[in-house]
Amino acid sequence: MLTTQNQLNVNFIGQEAVAGEGMPFSAYAPATSEALAEGFTNVTPEQANAAVDKAAAAFSPYAHLHPHKRADFLDAIASEIDALGDELIERAVLESGLPTARITGERGRTMGQIRLFANLLREGSWVDARINPALPDRQPLPRPDLRQMLMPLGPVVVFGASNFPLAFSVAGGDTVSALAAGCPVVFKAHPAHPGTSSLVAMAITTAAQKTGMPDGVFSLLHADNEVAQALVAHPAIKAVGFTGSRRGGLALLRVAQNRPEPIPVYAEMSAVNPLVVLPGAIADETGPASATTVAAGLAGSITLGVGQFCTNPGLVFLLTSPKTEQFLGTLAEKIRASAPATMLTDGIRQAFEQGINHLALMPGVQRRAESDTDAQASQNQGRPTLLTTTASQFLSNADLGEEVFGPSSLVVVCDTEAELRDCLNQLEGQLTATIYATTAELKQSSINWIDLLQAKAGRVLFGGFPTGVEVCEAMTHGGPFPATTDGGRTTSVGTGAILRFVRPISYQSFPNELLPLALQNANPLGIRRMVDGKPE
Ligand code: NAP
């Protein structure tokens with residue numbers, strides 16, 4: 001029986017807990033920069049192949065399970081994560097440097113999204129069943145019976161994110177949407193939280209055993225980049241999920257595209273999440289639409305989680321108005337009052353500092369405010385920082401639109417609507433874009449601001465702040481490149497995430513009993529279906 005005492009530093013090749021036979025490595029506590037006691041070991045290429053072989057063998061039996069059985073598996077995963085109790089919270093806090101309250105909330109979110117997918121499977125209509133019954137007497141040619149539904153792609157490799165050690169990691173949205181779809185998952189653990197990863201993998205493995213899942217439906221591997229790339233190149237792997245840096249995501253995309261059989265890579269990479277403020281939105285002297293209130297809320301969004309959110313608002317566009325200085329003054333004051341805090345890894349903090357220093361040295365960029373408490377390098381602390389520039393500088397320097405991952409934002413002050421439009425047109429693809437405006441000024445403007453923003457982003461917000469991604473049916477967490485590698489056609493959060501790991505299959509002229517349950521005449525799953533273009 002697996003216990004947390006002896007399984008913290010293992011890999012799981014299917015349901016077998018094994019020591020890696022590759023290079024050893026240590027986990028670090030970012031809050032103290034100290035190596036933690038337990039040693040970890042990466043898997044060898046042979047061990048990684050063994051995990052993929054098991055996933056390939058598990059695919060057919062797992063894909064053909066009754067969907068309610070897969071739902072039971074997912075629910076069991078949530079229960080087993082819950083059963084890990086404080087040990088999981090303590091380990092994730094230790095390895096990530098994130099506060100206990102944040103990790104506790106993230107565990108709740110993780111279990112919530114697992115159960116959301118279990119409910120999706122029980123409801124069942126997501127398979128998008130379409131039926132065109134045979135028309136044997138049609139002239140000039142008869143029509144065969146055609147039935148289509150979404151079916152799983154095959155084994156998937158998932159790379160966990162550093163910034164959500166639970167909700168975007170081992171049992172996070174990518175893993176759970178792939179498992180819900182019917183795809184076995186080979187998970188490549190993030191080296192910043194290896195113990196957390198092994199604990200959650202143990203929960204998934206126990207859930208798989210308790211619910212009778214085929215061995216190989218899930219594996220957890222600690223692996224170096226070479227082995228990780230070999231996983232993506234393995235012929236049995238049919239898709240990849242990834243959250244992290246642009247460089248990492250693109251490296252994996254190249255591997256996937258250079259295979260004899262290229263496969264989709266759903267990489268969520270970099271975004272600066274522009275927030276646009278038109279004058280009318282902050283014209284009030286007091287209340288929720290005043291310059292002071294919006295700027296204070298924005299400072300909270302910039303510094304939330306030490307800015308380590310993919311939806312962090314890294315770029316703010318202000319159209320000049322009598323309130324511009326009040327807005328900037330409040331934002332600067334709030335940033336100065338925000339305390340530095342521990343970042344996820346030493347590398348992420350260094351990248352943040354380098355990114356800020358790089359921007360601050362650019363012509364026309366001002367370091368407008370910094371936290372007035374010094375950051376402790378020994379504790380990996382990131383220092384909240386506010387930079388400002390003008391539209392003309394922004395337009396002449398593409399570097400100013402690049403992501404700096406951490407608690408900072410660059411405010412671009414635009415003198416005219418035309419300047420603002422040009423700045424927005426210059427942006428790369430984004431996860432989110434936020435606009436503060438009155439409906440009257442949107443209607444009166446000759447520029448369609450909403451159209452401009454939705455051309456760039458997967459989620460457009462009318463007011464509010466982009467941090468805080470609701471996990472639900474209607475969420476899009478994706479966007480055009482480089483927010484994602486798939487042109488923003490899918491989401492990695494919410495139930496729509498399942499669509500990344502399926503493809504439509506049509507069954508032509510099949511006997512009823514050989515069809516999947518979702519397409520059989522009697523509709524034994526009781527799902528919503530379309531028959532000849534109409535709801536059944
Ligand atoms: P990362 O360096 O891209 O790493 C993510 C995962 O991919 C890790 O498991 C990593 O393993 C692996 N990996 C990276 N490059 C690889 C390669 N060439 N071949 C095979 N595997 C590779 O991301 P991170 O560690 O989470 O954070 C680093 C930076 O990513 C941050 O500073 C930030 O800029 C960005 N980031 C962005 C978001 C976002 O949502 N926009 C979220 C998190 C991070 P190794 O660590 O062993 O290389």
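This is a predicted model: local features need pLDDT of at least 70, side-chain atom pairs count only at pLDDT 80 or more; totals for chains, interfaces and linings use all residues.
The ligand is surrounded by 24 residues, of which Ser162, His190, Ser245, Met269 and Cys310 are the closest. The largest nonpolar core comprises 105 residues, while a second, separate core has 28 residues.

**Ligand contacts**

- An N or O atom in the side chain of Ser245 lies 2.6 Å from an oxygen atom of the ligand.
- His190 places a polar side-chain atom 2.8 Å from an oxygen atom of the ligand, and a polar side-chain atom of Glu268 is found 3.1 Å from a ligand oxygen atom.
- The protein buries 82% of the 860 Å² that the ligand exposes when it is taken alone.

**Largest nonpolar core**

- Within the core of 105 residues, those with the most contacts inside it are Phe73, Leu74, Ile77 and Phe317.
- Helix 2, which spans residues 67–96, supplies the largest share of this core, namely 11 residues.
- At least three residues of this core come from each of two domains, domain 1 (40–269 + 490–501) and domain 2 (275–462).
- When residues up to four places away in sequence are not counted, Phe73 touches Tyr62, Leu179, Ile204, Ala207, Ala208, Thr211, Met213 and Val217.

**Second core**

- Among the 28 residues of the second core, which is separate, are Val157, Val232, Ala256 and Ile263.

Notes
Residues are numbered from 1 along each chain as its sequence is written. Side-chain values use heavy atoms; hydrogens and water are left out. A nonpolar core is a set of buried Ala, Val, Leu, Ile, Met, Phe, Trp, Tyr and Cys residues joined through side-chain atoms within 4.5 Å. Buried means under 20% relative accessible area, exposed over 50%, partly exposed in between (1.4 Å probe, protein chains only). Helices (H or I, at least four residues) and strands (E, at least two) are DSSP runs, numbered from the N terminus. Domain bounds come from an automatic or database domain assignment. Contact means heavy atoms within 4.5 Å. A residue is near a molecule or strand if one of its heavy atoms lies within 4 Å of it. A polar contact is a pair of N or O atoms within 3.5 Å; within protein, one must be able to donate a hydrogen and the other to accept it, and residues adjacent in sequence count only if both atoms are side-chain atoms. Accessible areas come from the Shrake-Rupley method with a 1.4 Å probe; for residues, only the protein chains shown count as cover.
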